[in-house]
Amino acid sequence: MPEKVLERNRKSRRSTKLGARWDEWTKVDTSLRLFIYRHLIAKCRAPSIAEMAKRFKSRKQVGAALQRLCASHAFVLQENGELWRAAPFSAVPTAFPVKVGIVLIMATALGDALGIPAMLHKDAQIDASCGCCNLEMLLKVENGRLLGPEGLIHIAVPARDWYKDIVFT
């Protein structure tokens, strides 16, 4: 039943002007998302708005696509409009550096730091510290497994409230 409803929604959307625009937005958003992630992985830094605009030949189109991508919470912009986060990657220095080989990648949180080696299918070392006592937490991921003693991750904010203040969470 859900498949039929989904297909009917797709067909009705396509038959309207908004449907054509929606399809165009989806293509732009997907292309921009892939460009951002590939850039982050290849260069270990986020592309600037200028770099994205040059690649897509339109600053306005990039700005609109970024706003739509931010609605998913996977992307977050800084106050100056530049990219701050493309989950699990951080575009700014954080307390969650992930070392993959000789490359250093910033994650936005511990969960994201664990997601980077999983996403890249690489071994990694995460040099984090406890949020309340600042004790060092050195984590190693090898062959897709977290090594070392057992531990516990405490997330003080309920999941439903994470995006009310993503920086704090």
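This report describes the fold, core, helix packing and backbone features of a predicted model.

## Overall fold

The protein chain contains five helices and eight strands. In sequence order, the elements run α-α-α-α-β-β-β-β-β-α-β-β-β. The chain has 169 residues, and 30% of them are buried.

Of the contacts between residues at least 6 apart in sequence, 37% link residues at least 24 apart.

## The nonpolar core

The largest nonpolar core holds 34 residues. The members that touch the most other members are L32, I36, M52, L66, F75 and V98. Two or more residues each come from α2 (17-43), α3 (49-56), α4 (59-70), β2 (83-86), β4 (97-100), α5 (110-120) and β6 (124-129). Helix α2 supplies the largest share, six residues. As a general matter, nonpolar side chains in soluble globular proteins tend to be buried together.

I36 gives a local view of this core. Leaving aside residues up to four places away in sequence, I36 touches P47, M52, L66, F75, L83 and A86. Of these contacts, M52, L66 and F75 are also listed with I36 among the core members that touch the most others.

## Packing of α3 against α4

Helices α3 and α4 have axes that come within 8 Å of each other and cross at roughly 115°. At that angle α3 counts as roughly perpendicular to α4, because the range for this class is 65 to 115 degrees. The crossing is right-handed.

On the α3 side, the contact is made by I49, A50, M52, A53 and F56. On the α4 side, R59, Q61, V62 and L66 take part.

## A124 in strand β6

A124 is found in strand β6. Its relative accessibility is 8%, so A124 counts as buried, the limit being under 20%.

Which residues does A124 touch, not counting those up to four places away in sequence? They are V98, K99, V100, P117, L139, K140 and V141. K99 lies 25 residues from A124 along the chain, yet the C-alpha atoms of the two are separated by 5.5 Å.

## Cysteines

How many disulfides does a search of the whole structure find? The search finds zero. A disulfide is a covalent bond between the sulfur atoms of two cysteines.

C44 has a relative accessible area of 31% and is partly exposed. C133 falls in this class as well, being partly exposed at 43% relative accessibility.

## Backbone features

Most residues other than glycine have a negative phi, and most peptide bonds are trans. Some positions in this model depart from that pattern. The peptide bond joining A87 and P88 is cis, with omega about 5°. P88 sits in the loop between β2 and β3 (89-90).

H73 is not a glycine but has a positive phi of about 70°. This residue is in the loop between α4 and β1 (75-77), and H73 is partly exposed at a relative accessible area of 36%. N143, also a residue other than glycine, has a positive phi near 50°. N143 lies in the loop between β7 (136-142) and β8 (145-147).

Definitions and conventions: Residues are numbered from 1 along each chain as its sequence is written. This is a predicted model: local features need pLDDT of at least 70, side-chain atom pairs count only at pLDDT 80 or more; totals for chains, interfaces and linings use all residues. Side-chain values use heavy atoms; hydrogens and water are left out. A nonpolar core is a set of buried Ala, Val, Leu, Ile, Met, Phe, Trp, Tyr and Cys residues joined through side-chain atoms within 4.5 Å. Buried means under 20% relative accessible area, exposed over 50%, partly exposed in between (1.4 Å probe, protein chains only). Helices (H or I, at least four residues) and strands (E, at least two) are DSSP runs, numbered from the N terminus. Contact means heavy atoms within 4.5 Å. A disulfide is a pair of cysteine sulfur atoms within 2.5 Å. Axes are lines fitted to C-alpha atoms, for helices over the stretch in contact, and angles run from 0 to 180 degrees between N-to-C directions. Angles under 35 degrees count as roughly parallel, over 145 as roughly antiparallel, 65 to 115 as roughly perpendicular and the rest as oblique. A crossing is left-handed if the near helix is turned anticlockwise from the far one by less than a right angle, and right-handed if clockwise.
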